[in-house]
Amino acid sequence: MRPVRGRGPLGWAAVTAPVHPRLLVVVPAWNEEAVLPQVLDELTAHVPEADVLVVNDGSTDGTAAAVRAHPGAMLLDLPLNLGVGGAMRAGFRFAQRHGYDRVVQLDADGQHNPADVARVVALLDEGADVAIGARFAGEGDYRVRGPRRWAMGLLSAVLSRTAATRLTDTTSGFRGANSRAIALFARDYPAEYLGDTVESLVIACRAGLRIRQVPVTMRVRAGGTPSHSPLKAAVFLGRAVLALVVALTRPMAPPPVPRPAGAAA
Amino acid sequence: MTGYAFAVGSCLALVAFLLVLLRTRKLREKYAVMWFVLALGVSVLSLFPGVVGPLARWAGVQTPVNLLFAASLLVLLLVCIQLSAEITALEEETRTLAEEVALLRLDVERGAIGPQASAAQSSAAPSSGAPSSAPGPTAPDPAAQLDEAPQQQEP
């Protein structure tokens, strides 16, 4: 039995009969009312089997209303701005409590192509616990120059070593997680600067999860361009090094006990 | 000698003020302790100022008063770090509560909260359990909730 589609965000049939892995797409959104409806439309078109959860991270614009107006998306409305890490941990907790087997994180600003969700999910199918949709892995024309690039190179080198696999884009917000990773991240997903990207990967590595990456294309962000000021890049480098040192050396809680299949359904 | 008396008097006033704050529940005991200890230390030094000299020689500080200044700076630094740590803990608690509020609100809106939630889940995490015949934000029938409530207590 395949999950019943077209019943809006409820998906009760999928709750009772989880034959297929149940997929939740989590979209952390902060003041993205302009682009979000289009992203949700594309998600419905490209990933109809997935439930979509938009985590409104304390937006001050009409983000929440935009999600409520969309028939195919659930809204997790945080009362405060917690940052991407806080929004994602809430999303992982939702996924864990509602028995989802996979979570794919996708940015709300439209820079990630919803058509690539299938690639990330395929990587999970191949046995990865955490799948990264990577921007610099050959696909697309996304480029970063100067000191910021060095900082990202350093992060990639260190994390590739930690994960024992080649990772080219450790700050990507396009991620997939299977049930092991969901259980881990529902408990421990840092809200720090770079915590949702770099430190979460270190946490996954240290918990023994398999991390793999798949190339994806990045689209031009609808609003604004990343800053290339050398000072900001230097600050980024410093904070990245600090985040790495803290993440790699901090004491770790024992990995969570795996959830028995179907227990939360 | 009046300077020492002033110091002792200040400490007594500080202790009295702390007690007032504690009695009106404006200060928690775990934060008051360090201030009590500090007041005690200053009182001892004020009553027996002679001990500072040997202490300074032992620490290698030429002017004894500088030892006091350095020590007081160190104490204030530690207090600030402790407060930063407490703020961090508070922020983490706030974050968890904000997530929990949002998750509960979504459950309420989906009508998935209540005794129908699966018994396999902890009571702190009610969620979508049995299939509902009424998709949408309508809550389950309250009467049905009351009827089924005792069953959920049993494993």
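Predicted model: local features only at pLDDT ≥ 70, side-chain atom pairs only at ≥ 80, totals over all residues.

Visitor: What makes E3 and E7 of chain A the edge strands of their sheet?

Guide: Start with the order, which is E3-E2-E1-E4-E6-E5-E7 in an open sheet of seven strands with mixed pairing. Strand E3 (73-78) and strand E7 (211-215) each pair on one side only, and that makes them the edges. Neighbouring strands of this sheet are turned by 20 degrees against each other on average, direction ignored.

Visitor: How do you know that E1(A) and E2(A) are paired?

Guide: Pairing needs at least two bridges. Strand E1 (residues 23-29) and strand E2 (residues 51-57) of chain A are joined by six, so they count as paired, and they run parallel. One of the contacts to look for is Ala29(A), whose bridge partner in E2(A) is Asn56(A). Helix H2 (residues 36-46) of chain A packs on the sheet, where it touches E1, E2 and E3 of chain A. The direction of H2 makes about 170 degrees with that of E1(A).

Visitor: And which strand does E2(A) join through another six bridges?

Guide: That is E3(A), again running parallel to E2(A). Here Val52(A) has Ala73(A) as its bridge partner in E3(A). Together, E2(A), helix H3 (residues 63-68) of chain A and E3(A) form a right-handed β-α-β unit.

Visitor: Why is E3(A) called largely enclosed?

Guide: A residue is buried if 20 or more other C-beta atoms lie within 10 Å of its own. Six of the six residues of E3(A) are buried, so the rest of the structure largely encloses this strand. Both faces are covered: Ala73(A), Leu75(A) and Asp77(A) are buried on one side, and Met74(A), Leu76(A) and Leu78(A) on the other.

Visitor: Turning to chain B, how many helices and strands does it have?

Guide: Chain B has five helices and zero strands, giving α-α-α-α-α from the N terminus on. Of its 155 residues, 10% count as buried. The chain is divided into domain 1 (1-47) and domain 2 (65-114), with 26 Å between the centres of these two domains, taken over C-alpha atoms.

Visitor: What does UniProt list for residues 80-107 of chain B?

Guide: The unreviewed UniProt entry lists them as "coiled-coil region". In the model, residues 80-107 of chain B are 100% helix and 0% strand, with the end C-alpha atoms 40 Å apart.

Technical notes: Residues numbered from 1 in each chain as written. Chains lettered and ligands numbered in written order. Domains from an automatic or database assignment. UniProt positions renumbered as here; feature names shortened; annotations may be inferred. Helix = DSSP H or I, 4+ residues; strand = E, 2+ residues; numbered from the N terminus. Buried ≥ 20, exposed ≤ 12 C-beta atoms within 10 Å, placed from the backbone. Axes fitted to C-alpha atoms, helices over the stretch in contact; angles between N-to-C directions. Contact = placed C-beta atoms within 7 Å. Right-handed = clockwise from strand over helix to strand, strands pointing away.
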